[in-house]
Amino acid sequence: MKIRVAGTTKSFGQTEVIRHIDFTVMSGEICCLLGPSGSGKTTLIRLMIGAIAPSTGTIHIGDTLMPNMTLLNEIGFMPQNNALYEDLTAEDNLLFFGSVYKLEKSVLKQRIEEVLKIVDLTAHRQKRVHVFSGGMKKRLSLAIAILHQPKVLFLDEPTVGIDPVLRREIWHQFHRIKQAGTTIVVSTHVMDEVIECDRAALIYEGTLIEYDTVDNLLAKTQTGRVEELFILASDQLKEGTTHEPLS
Amino acid sequence: MNHLAKRVIRQTLNDKRSVMMILIAPLLLLTLIYLLLGDTDYVPVIVIEEATPQNLVTALNKQDIELIQEKQTITSPKTYLTDNEHVDAVFLYSDNGFDMTLREPSTKSSTAAKEIQAALSSINPASKMETSYVHGSTDQSTFDSLGYVFLSLFSFFMVFVISAMAFVKERSEGTLERLLMTPIKRSEVILGYTMGYSVFAIAQAILIVLYTVYILQMSSNGNIFLVLLVLLLLATTAVLFGATISVFASSALQVVQLIPFTIIPQVFFSGLISLDLIPYHLGNLSYIMPIFYGASAIKEIMVYGNGFDAIWGYLSGLLLYILVLYTINVRALKKFRNA
């Protein structure tokens, strides 16, 4: 499903957190929201999911104007913190979230088997989450996010605090989910991860400074490193040419 | 909605401390209160002079006291009491009348005074006074007359703490946010939670009522099922109250820090202190305290032996509280999702 963000601004009180952002996430792609922490990535994700309504502008997922309760059935969300019930077993966590999506019992059972296999937690299904390692919790969190086979998946800093080996494994899983036709929006402040994505939106202080395919973005830099684009943007902001996209 | 309730139940059952706190802690505390406020077999020590008339000595000896006849004359009873710490009262006879000196206004002193008065009235039947109460009897312990307050107090407090902590955890660990990124309704979340904890509230209510009435033998004149109904409503209020307080706390520690504002004032206005005795009409503050409604209703049933028509006002108070807190909680979830 395509996600269209058009002229979207979001203010909390006097502070403008998102400043007039325009871009479209293509269906079936992995789109990366790249930016330093505090730049507005999480707010943008919450806007796209429809948890909060934009102050101005519109957001469409497919043809549906967000926020929309029914469309939440098509959306998967993996929050920044693991957001798991630590007192419950891995399977009970999955059972609970599955029942919230009103999945049919037999379907749910089958899906739980599938997602546990995807995130490689089948052996640990009966363990309570509080004995899980950080990596296992992340994987379970991902399993919950994809349990109801969402058409759009939002991942908020999914690899923060994860060791390189597990990070590669998790990205491998994202690619598999993408191959199944799911549109993925992933936020990160790790610049290296951008090469895993199809397109990247560079966000700086609530403004979209660049949005292009990753190949094009890298071609724009001299060193082939994405950091350069942020340094350019911050220089431009200091010179007073604010909120104008680069190039 | 019932999935949520089921999850809350499973989660609470998995956490042994929560179960203990809801089911065992009130029983433990009620037992302690029973022992602290229950019948006492304390024998007061009373000192008289040798010169005391014989008929008075005989009368005093018939009472349940330890009587000491001092050989010397006691010039200053106050000094005597200070010097002899085991003595509760000095009772002197002179031609001008009696002189009773007690150590301090305490239960021990009043027991001594009661025994002396009983002795006096046995010599002089004309001054004999028969005391009787509309509700209860003279041989009732403090536990019988005040125990009902603790019933509602402990029930409310335990459920409040468990619920507030659970909600704080949901907020800080992000599960509440994640839950609201699913198509669940905000009202379903609050309702599910309330239902889940209600199951424990019912279990708790049954347990503590049966325990106080049948094991601790607290006198109850009314219908036990009405008491259960009151406790259930009170516990439901406690669940929602805890959820509301969790909005103002970002950690379990802060829930504890808020107890002086949330629970302790309610203890004062629960009926432990007779509300008519509170100055400046501050007794009216009780109308904003949920425990007051619960305790008052239970008092009507257990102490006065009244039925539903005497408590419906208190029950409506609790229902109103539940409604208001429910609305506040559903609105508070807007932080995570507007719709």
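**Note on the chain A–chain B model**

1. Start with one ion pair between the chains. Glu177(B) and Arg46(A) form a salt bridge, with their closest N and O atoms 3.7 Å apart. The model is predicted. The rule finds three salt bridges across the interface of chain B and chain A. Over all chains, the structure holds 16.

2. Now the interface as a whole. On the chain B side, 28 residues are in contact with 31 residues of chain A. Together the two chains bury about 2,700 Å² between them. Carbon and sulfur atoms account for 58% of that area. In chain B, the residues that lose the most area to chain A are Arg178(B), Met181(B) and Pro183(B). These three together make up 30% of what that side buries.

3. Polar links and their sources come next. Between chain B and chain A, 12 residue pairs are in polar contact, with both residues at pLDDT 80 or more. Three elements of chain B give two or more residues to the side that touches chain A: helix H1 (2-14), H6 and helix H7 (175-179). H1(B) supplies the largest share, six residues. By class, this side of chain B divides into eight nonpolar, eight polar and 12 charged residues.

4. H6 of chain B also packs within its own chain. Helix H6 (residues 142-173) of chain B packs with helix H9 (residues 224-246) of chain B at an angle of about 35 degrees. Their axes are 7 Å apart. The crossing of H6(B) and H9(B) is right-handed. On H6(B), the contact residues include Leu151(B), Phe156(B), Val159(B), Phe160(B), Phe167(B) and Arg171(B). On H9(B), they include Val227(B), Leu231(B), Leu234(B), Val239(B), Phe241(B) and Ile245(B). The contact of H6(B) with H9(B) has 16 nonpolar, six polar and one charged residues.

5. The side chains of Glu157(A) and Lys41(A) meet at 3.5 Å, N to O. The two residues are 116 residues apart, so the pair links distant parts of the chain. Glu157(A) sits in the loop between strand E7 (152-156) and helix H5 (164-179) of chain A. Lys41(A) is in helix H1 (residues 41-49) of chain A.

6. Two backbone points in chain A deserve a look. Most residues other than glycine have a negative phi, and most peptide bonds are trans. The peptide bond from Met66(A) to Pro67(A) is cis, with omega near -5 degrees. Pro67(A) lies in the loop between strand E5 (64-65) and strand E6 (75-78) of chain A. Lys102(A) is not a glycine, yet has a positive phi of about 55 degrees. Lys102(A) is in the loop between helix H2 (90-100) and helix H3 (105-118) of chain A.

Notes
Residues numbered from 1 in each chain as written. Chains lettered and ligands numbered in written order. Predicted model: local features only at pLDDT ≥ 70, side-chain atom pairs only at ≥ 80, totals over all residues. Heavy atoms only, no water. Axes fitted to C-alpha atoms, helices over the stretch in contact; angles between N-to-C directions. Helix = DSSP H or I, 4+ residues; strand = E, 2+ residues; numbered from the N terminus. Left-handed = near helix turned anticlockwise from the far one by under 90°. Contact = heavy atoms within 4.5 Å. Nonpolar A, V, L, I, M, F, W, Y, C, P; charged D, E, K, R; others polar. Buried area = accessible area lost by both parts, 1.4 Å probe. Salt bridge = Lys/Arg side-chain N within 4 Å of Asp/Glu carboxyl O. Polar contact = N/O pair within 3.5 Å; in protein donor to acceptor, adjacent residues only side chain to side chain.
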